[in-house]
Amino acid sequence: MPSVCWQEIDRAILAAQSSEAIAQTSPGHINALVPYWRIDISLFDWSARQRVVLSSAGHGTRRFPTGMRLSLEEYGGEDLAALRAGQVYVVEDILRLATPPATVQALHDDGARSYVRVPLVVRSELIGSLNLWNDQAGAFTLEQVDIACEVADQLAIGIQQARLYEQVRRHAAELEARVAERTAELQEINAELESFSYSVSHDLRSPLLAVQGFAEILLEDHDDRLGDDGRSCAQSIVAGARRMATLIEDLLTYSRLSRAALELIPVSLEAVVAEVLTQLEPEIRGKDAHVSIEKPLPHVTGHAVTLIQVVTNLLMNGLKFVAPGVRPQVRVWAEAGDERICLRLQDNGIGIAAEHQERIFGVFERLHDRDTYPGTGIGLAIVRKSIERMGGHVGVESAPGQGSTFWIALRRVLRP
Ligand code: ADP
């Protein structure tokens, strides 16, 4: 047996990732081992009682394109019975057949005189047959029939392997499509939720302003008729309405972040920090805080207004979350990496335990009650979303009682 060809056919079959690829490469290799006048490989579709042409090559005028379906009945009862029994079916001379089956007659009309059908079997199931034809009677030797059987075994393994491969690929593609579909659904639901919370927050503003306004009118114009209890109630209404107004503003800011298109351009961190310091000047003075800025601060790729909001939130927290009686101190500096600039804000506050350091960036996540440290719990969620929208990252390094260092990393600008 020519071993080079044998190895080639093995390799070609095993490398093929689809039955069609096997069918295309096999005939040439088989011809070198078992010379034929014509070859066809068919797979059986038992439920439809049909055979599907996988490959057809060689001489003769009749062409059976790949994928063509033909009735299994035309194969011939005896031929099929032998294949089903796992046997090779050899016809040395078609002329000697009393009633040749339809397919055989058709090929004989085309010039065929003898043929061999070899079963393709996978785990004792007949999946198809390899058919070799010759224009001479008694053309196939016993040795060639043996070789054809071995080739058929290889073919069957290759086809089964290719079918499994196709199945896995199909499943993977289905899975991918399903994940994409779910993601799209979730994105849609998220967008709906966001627009819902946006419109609710928006619509709550005017009735809230009315509540607050009327309570203030009560306090200002009808103070003499309120009495102590009435005054205290009206003051509570005003305080509650103000808290709620802040909460609504924060929620609106958070919602707007998803909707607004942020144009990312070079932004000077120095200018951003200077603006924040100006805005928070009364707060810093009121708390007798010390804020030190280590210049120069470089440029980053970002959105100035959003960055001002981010740094304001972080600095406000640094000033707020200190132990009673401690003078707040915040140090601000920048570190440059190859691709990113990291702006750091280190405080001397109460610190955050490791297990809370991730969740505080979620909406409404707070570690303290409102009386000890007032707030809405949205500040850091705004920080995270803003930074993500600018293509950056945010994080914190902290330990209880040891202060915290919040950092934001944004793309650096090489030539601002
Ligand atoms: P808020 O400040 O309105 O409470 P944030 O979203 O800004 O909301 O912060 C969430 C929580 O994270 C805070 O309630 C606080 O418990 C914790 N936190 C944030 N910044 C600091 C900080 N610098 N030091 C200690 N804890 C902090």
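## Strand pairing

Glu335 stands opposite Cys342 in strand E11. E11 (residues 340–347) runs antiparallel to E10, and seven bridges join the two; strands are DSSP runs of at least two residues, numbered from the N terminus, and two of them pair if DSSP finds at least two bridges between them. A hairpin of three residues connects E10 to E11.

E10 (residues 329–336) also pairs with E8 (residues 290–293), in the parallel sense and over four bridges. There, Ser292 has Arg331 in E10 as its bridge partner.

## Basis of the model

The model is predicted: local features need pLDDT of at least 70, side-chain atom pairs count only at pLDDT 80 or more, and totals for chains, interfaces and linings use all residues. Residues are numbered from 1 along each chain as its sequence is written, and side-chain values use heavy atoms, with hydrogens and water left out.

## Ligand shell

The ligand is surrounded by 20 residues, where near means a heavy atom within 4 Å. The closest are Asn317, Asp347, Arg366, Gly377 and Leu380. Helix H9 (304–320), helix H10 (379–389) and strand E13 (404–411) each contribute at least two shell residues; helices are DSSP runs of at least four residues.

## Ligand contacts

Polar contacts are pairs of N or O atoms within 3.5 Å. Oxygen atoms of the ligand lie 2.6 Å from a polar side-chain atom of Arg366, 3.4 Å from one of His368 and 2.9 Å from a backbone N or O atom of Thr376. Alone, the ligand exposes 530 Å², of which the protein buries 98% (Shrake-Rupley method, 1.4 Å probe).

Conventions
Polar contact = N/O pair within 3.5 Å; in protein donor to acceptor, adjacent residues only side chain to side chain.
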